[in-house]
Amino acid sequence: MRETLKDKQTSDIFQELLTKIGENTNIRLFDTMFSPESFELKSLENNKALFVADSASNAAMIKSAYLPLIQKSLEEITENHYEIEITDRSSFLKRKAAVDGATTSFFHNSRLLPQFTFDNFVTGASNKDAYLACMFAVEKPAMNNPVFLYSKSGLGKTHLLQATGNFYKIRHPESKVLYITSEDFLSEFVRFIKGKKDSESLKDFFNTVDILLVDDIQFLAGKEDTQIMFFNVFNLLVSQGKQIVLTSDRSPSELKGLQDRLVSRFSGGLSINIVNPNKDTLIAILHQKMKANSLPEDYIDDKVLEYLSANYSKNVRELEGAFTRLLFAITVDKPKGNIGLPFCKKVFDDDEKRRSKKGKVDINKIISAVADYYSLTESQIKSNVRTSQIALARQIAMYLSRQLLSLPYQVIGRSFSKDHTTVLSNINKIEKNLKTDGGLRKAVATLTETIKKDD
């Protein structure tokens with residue numbers, strides 16, 4: 001099949017096609033609708049055939065009356081099945097201008113990182129469904145739209161998102177893969193609006209995208225105009241059968257500050273929660289890291305791997321950070337023989353001392369736990385910033401300080417630079433919302449369990 005196409009130029013194929021159409025069409029009608037000025041084959045690649053008619057009405061008539069004949073004739077000539085697209089010249093030129101111009105202007109910093117692949121992603125009970133969903137998004141695009149992955153920070157969402165893009169490029173080399181964060185989308189939208197560019201040109205750009213990968217979609221919260229644009233882009237891609245994969249730090253139903261219609265679209269796809277990996281998965285990740293660093297399997301004792309998986313299991317990122325510290329110590333100290341537990345404990349001696357001094361819960365531990373849960377810094381929670389996510393985290397930290405420590409409002413207020421009336425108001429707000437907000441109840445329960453477990 002490939003040899004047949006290789007030997008024939010597109011123009012030759014088109015001439016043969018016109019001959020077959022002419023044999024089955026009234027000559028006067030043929031001369032009107034299929035003349036060189038009225039109809040042409042623009043491209044024949046990636047199993048897609050693009051035809052351009054001189055007007056929208058001519059394109060509509062050809063699609064209505066001749067599409068089956070064109071499909072059958074083209075398959076006979078090329079011995080290949082093609083997806084047929086027939087458009088009018090005005091639409092074609094507009095789209096071409098968008099491809100030629102906008103593609104170099106929009107999201108030019110977006111890129112896939114080759115080190116993130118499905119092959120080096122370690123799967124386990126905690127993330128297997130997410131892994132399979134991303135694989136399926138490449139194999140059967142738009143079957144589940146969107147694929148929505150959510151978890152706490154550091155559990156592999158970005159790795160899977162990037163791996164999806166890299167694998168899609170392998171399967172579809174000529175495709176356009178766009179990986180961005182929600183902040184990238186916001187920045188691009190704001191830049192072009194301030195530049196007094198037509199916001200519809202951004203939608204034209206997305207016409208050229210085959211798969212859209214958006215990291216941390218929760219950060220669109222509160223950005224009303226940007227959400228409207230994203231809603232339009234989302235609908236555009238879905239209507240064209242293009243795959244969308246999104247990540248977030250919480251499920252669609254728990255997203256605050258997003259329009260209901262966006263939450264509804266996100267909920268209508270395949271939502272998968274990635275949870276904390278178990279011990280076996282953590283150790284498998286460490287073996288993968290050893291392999292990536294060309295270390296023999298038995299170079300690091302199994303007890304060392306168990307130690308790391310037990311003490312640095314908050315998330316994958318923390319585990320990888322601990323492993324990097326161990327490798328650095330090995331490089332600097334150059335210990336003889338294999339790496340055993342005594343050497344490992346020496347490397348992490350400071351952490352051991354901190355764990356041994358761990359006392360009862362205090363307000364700083366509560367703030368730290370809440371900051372980690374919402375992927376924020378402690379300084380953000382203590383600041384005066386009032387964005388929805390930071391304000392909610394601050395209110396929860398105050399509420400938990402009252403519930404778990406029974407601290408006076410004035411004492412709690414000093415940790416947040418707030419007066420006691422503000423603290424009281426924020427705590428009352430959380431208590432009221434807990435009665436009706438299931439997502440909030442789940443967050444408070446999870447945080448309470450985490451804080452008490454760390455005690």
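**Entry 1, the whole thing.** I'm working from a predicted model. I counted up the secondary structure and got 22 helices and 8 strands. Then I looked up the extent: the C-alpha trace spans about 95 × 60 × 35 Å along its principal axes. For the radius of gyration I found 29 Å, whereas a compact globule of 455 residues would come in near 23 Å.

I checked burial next, and 43% of the 455 residues count as buried. The accessible surface comes to about 24,000 Å², with 49% of that belonging to carbon and sulfur atoms. I also looked at contacts between residues at least 6 apart in sequence; 72% of those join residues at least 24 apart.

I found 63 positive and 57 negative charges, and their mean positions sit 8 Å apart.

Where does Asn 145 lie? I found it in the loop between helix H6 (128-139) and strand S4 (147-150). Is Asn 145 buried or exposed? Its relative accessible area is 16%, and the cut-off for buried is under 20%, so Asn 145 counts as buried.

I left aside the neighbours within four places in sequence, and Asn 145 is then in contact with Val 238, Lys 242, Gln 243, Ile 244, Gly 268 and Gly 269. I looked at two of these again. With Gln 243, the polar contact is side chain to side chain, at 3.2 Å. With Ile 244, the side chain of Asn 145 reaches the backbone nitrogen at 2.9 Å.

Definitions and conventions
Residues are numbered from 1 along each chain as its sequence is written. This is a predicted model: local features need pLDDT of at least 70, side-chain atom pairs count only at pLDDT 80 or more; totals for chains, interfaces and linings use all residues. Side-chain values use heavy atoms; hydrogens and water are left out. Helices (H or I, at least four residues) and strands (E, at least two) are DSSP runs, numbered from the N terminus. Buried means under 20% relative accessible area, exposed over 50%, partly exposed in between (1.4 Å probe, protein chains only). A polar contact is a pair of N or O atoms within 3.5 Å; within protein, one must be able to donate a hydrogen and the other to accept it, and residues adjacent in sequence count only if both atoms are side-chain atoms. Contact means heavy atoms within 4.5 Å. The radius of gyration is taken over C-alpha atoms; the globule rule is 2.2 Å times the number of residues to the power 0.38. Accessible areas come from the Shrake-Rupley method with a 1.4 Å probe; for residues, only the protein chains shown count as cover. Lys and Arg count as positive and Asp and Glu as negative; His and the chain ends are not counted. The place of a charge is taken as NZ of Lys, CZ of Arg, CG of Asp or CD of Glu.
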